[in-house]
Amino acid sequence: MLFLVRLAVFLSLCGCSNAQGQTKEEDTEEVKIEVLHRPENCSKTSRKGDLLNAHYDGYLAKDGSKFYCSRTQDEGHPKWFVLGVGHVIKGLDIAMMDMCPGEKRKVIIPPSFAYGKEGYAEGKIPPNATLMFEIELYAVTKGPRSIETFKQIDTDNDRQLSKAEIELYLQKDFEKDEKPRDKSYQKAVLEDIFKKNDHNGDGFISPKEYNVHQHDEL
Ligand SMILES: [Ca+2]
Ligand SMILES: [Ca+2]
């Protein structure tokens with residue numbers, strides 16, 4: 001089951017945008033982060049590609065009205081999402097970096113990092129709205145696109161994932177799975193991964209194509 005989830009995320013992340021950095025010169029607006037509470041014991045912090053579990057409340061900055069509360073949805077379960085890959089608005093991807101489990105933050109997100117000129121949800125978020133979020137992070141787990149996973153797949157350590165390396169990784173994952181899979185299914189999965197991730201078509205998946213942070217000691 002875990003395999004299926006991982007695979008689904010692996011496959012679905014192909015078209016994701018780079019949430020950070022690339023649009024910096026676009027404007028001078030920035031995401032403001034205020035740390036409300038940081039646990040004393042903070043051994044690991046959130047990074048791009050990590051799977052996060054968090055509650056967040058969203059408010060319109062102009063009048064403080066609440067437009068979103070994760071606590072009132074899904075029977076109050078905190079939300080799971082992969083950080084830094086566009087699963088949430090750009091501003092939240094930025095605001096939740098380097099956070100430790102148990103940390104609380106208040107963040108101000110300008111419209112260019114939120115819903116922009118268009119607004120969202122039929123005026124629930126009006127055009128050009130600055131948003132304020134209160135975030136409480138519960139858990140940080142290494143996501144499917146972590147640097148650890150990349151290194152695990154890259155058995156010859158040349159910073160490129162070859163078809164053979166990914167095939168081996170899939171093979172191990174399939175073996176963990178209860179149900180036996182035939183070779184053709186595995187081959188189809190492999191082809192699909194390359195179709196969606198090998199953007200320059202050189203037959204390898206680079207760290208960039210895999211979408212992990214370049215400066216994470218690769
Ligand atoms: Ca390799
Ligand atoms: Ca490539």
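Modeller: Begin with pLDDT, the predictor's confidence in each residue, from 0 to 100. Here the chain averages a pLDDT of 81, and 81% of the residues score at least 70. This is a predicted model, in which local features need pLDDT of at least 70 and side-chain atom pairs count only at pLDDT 80 or more, while totals for chains, interfaces and linings use all residues. Residues are numbered from 1 along each chain as its sequence is written, chains are lettered from A and ligands numbered from 1 in the order in which they are written, and side-chain values use heavy atoms, with hydrogens and water left out.

Colleague: Over which residues does pLDDT stay under 50?

Modeller: Where pLDDT is low, the predicted coordinates should not be read in detail. That applies to residues 1-26, where pLDDT stays under 50. The pLDDT is also below 50 over residues 214-218.

Colleague: Which residues coordinate the calcium ion (ligand 1)?

Modeller: Donors are N, O and S atoms within 2.8 Å of the metal (3.2 Å for Na, K and Ca); water is not among the atoms, so sites may look incomplete. For ligand 1, the calcium ion is coordinated at 2.2 to 2.4 Å by Asp154 (OD), Asp156 (OD), Asp158 (OD), Gln160 (O), Glu165 (OE) and Glu165 (OE). Along the chain, these donors have the spacing D-x1-D-x1-D-x1-Q-x4-E.

Colleague: Which residues are the protein donors of the calcium ion (ligand 2)?

Modeller: They are Asp198 (OD), Asn200 (OD1), Asp202 (OD), Phe204 (O), Glu209 (OE) and Glu209 (OE), at 2.3 to 2.7 Å from the ion. Their spacing is D-x1-N-x1-D-x1-F-x4-E.

Colleague: Is Glu165 buried or exposed?

Modeller: Buried means under 20% relative accessible area, exposed over 50%, and partly exposed in between (1.4 Å probe, protein chains only). Glu165 is buried because its relative accessible area is 7%. Asp158, at 37%, counts as partly exposed.

Colleague: Which residues are buried in α4?

Modeller: Helices (H or I, at least four residues) and strands (E, at least two) are DSSP runs, numbered from the N terminus. In α4 the buried residues are Glu165, Ile166, Tyr169, Leu170, Asp173 and Phe174. An α-helix has 3.6 residues a turn, so residues three or four places apart point the same way.

Colleague: In which strand is Lys79 found?

Modeller: Lys79 is in strand β4 (residues 79-82). Lys79 is buried because its relative accessible area is 16%.

Technical notes:
Contact means heavy atoms within 4.5 Å.
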